[in-house]
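Colleague: I would like to learn how to read a few features of a protein model. Could we go through them one at a time?

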Amino acid sequence: MSDATSPDPAPVPTRSDVAGPARPGPQGAGPHPEVPRTAVVTGAGRGIGRALALGLAEAGYAVALVGRTAEHLEAVAQEIADRAQGSTADTSAGEVSAAPRTVVVPVELTDGPAVRAAAERIEAELTDLGGVGLLVNNAGVVELAELPFAQDDVEDAWRVIETNVRGPLLLTHALLHGMLSRGGGRVVNINSGAGHRGTHRYTGYGISKGALARFTTQLDTQYREEGLRVFDLAPGVVATDMTASMPTHDDRTDWTPVGASLELLLAVADGRLDALSGRFLRAGDDTVAELEARTYDIVIADARRLRL
């Protein structure tokens, strides 16, 4: 018996509740939202964002390419078109499969009015395809110097926090209303283990990734019942321009292949990991099959969240 001040404990879900054969149950992440095969990828002009955008397009997703530099985004859009042109063809009919739709959207992601205008344009461009189904908040930066906090430039640390947190907040907010009005959507925040553990350098980066993890939890808590599914996806240590600028990786030889992130992202996009909404996935350590097999145990333990 519970006292008057304590709610009755929630029933313990069964395995079929958490991850049934067709749909996760109410104690997991709820029914799969029906969302269009459209995606928005920030930081899509280079590095991890470019690779994720290319992979989504190859999987048949229409992709809005978002970032600061129009030239880089245009190059990725052209690469998507070239890959489609040179890939599969109906040779008997002499017809080449059409390239997935791409929308190039240069924008400064910390500029509120500019982000709202960009979101309106994206929604307009994808309306006939059902609107935005997937948002990948990938764009991010790191400090210019590899220093502990006392020696670091606080303004530079704040630049990192603002870019890595304000940007995802602004764009998610601008697209969220449309997603919810259509019955849901999926958001993937590209995160890092640095948000969950202490480090001896890059203070602003660690703070920003911890805040992003809490943002994931908040969105999942507030909007799961309305069909939103939200994930933290850590790509591991991928060879990019950003990691090349970090002295801590000068002698590294064991890089995480970006394909490991793409595998997890496509599984999220297809709804295979919906029962793990609100939780942390790590490319290079996690595989889709392992996560599916361990879903019940993860949910029962309430693991892979930023919490005490």
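Modeller: This is a predicted model.

Colleague: Where does Leu175 lie?

Modeller: Leu175 is part of helix H5, residues 154–181.

Colleague: Why is Leu175 called buried?

Modeller: A residue counts as buried under 20% relative accessible area. Leu175 has a value of 0%, so Leu175 is buried.

Colleague: How do I read a pair of packed helices?

Modeller: Two packed helices are described by the angle between their axes and by the distance between those axes. Here, helix H2 (residues 47–58) packs on helix H3 (residues 70–86) at about 35°, and the axes are 10 Å apart. The crossing of H2 and H3 is right-handed.

Colleague: Which residues in H2 and H3 meet?

Modeller: From H2 come Arg50, Ala53, Leu54, Ala57 and Glu58, and from H3 come Val76, Glu79, Ile80 and Arg83. By class, this contact holds five nonpolar, no polar and four charged residues.

Colleague: What is the span of H9, from its first C-alpha to its last?

Modeller: H9 covers residues 288–300, 13 residues, and spans 19 Å, close to the expected 18 Å. Even so, H9 has a kink of about 60° centred on Arg294.

Colleague: Which residues of H9 are buried?

Modeller: They are Val288, Leu291, Thr295, Tyr296, Ile298 and Val299. Just after H9, Asp302 has a positive phi of about 50°.

Definitions and conventions
Residues are numbered from 1 along each chain as its sequence is written. This is a predicted model: local features need pLDDT of at least 70, side-chain atom pairs count only at pLDDT 80 or more; totals for chains, interfaces and linings use all residues. Side-chain values use heavy atoms; hydrogens and water are left out. Helices (H or I, at least four residues) and strands (E, at least two) are DSSP runs, numbered from the N terminus. The expected span of a helix is 1.5 Å times one less than its number of residues. The bend at a residue is the angle between axes fitted to the seven residues ending there and the seven starting there. Buried means under 20% relative accessible area, exposed over 50%, partly exposed in between (1.4 Å probe, protein chains only). Axes are lines fitted to C-alpha atoms, for helices over the stretch in contact, and angles run from 0 to 180 degrees between N-to-C directions. A crossing is left-handed if the near helix is turned anticlockwise from the far one by less than a right angle, and right-handed if clockwise. Contact means heavy atoms within 4.5 Å. Ala, Val, Leu, Ile, Met, Phe, Trp, Tyr, Cys and Pro count as nonpolar, Asp, Glu, Lys and Arg as charged, and the others, Gly among them, as polar.
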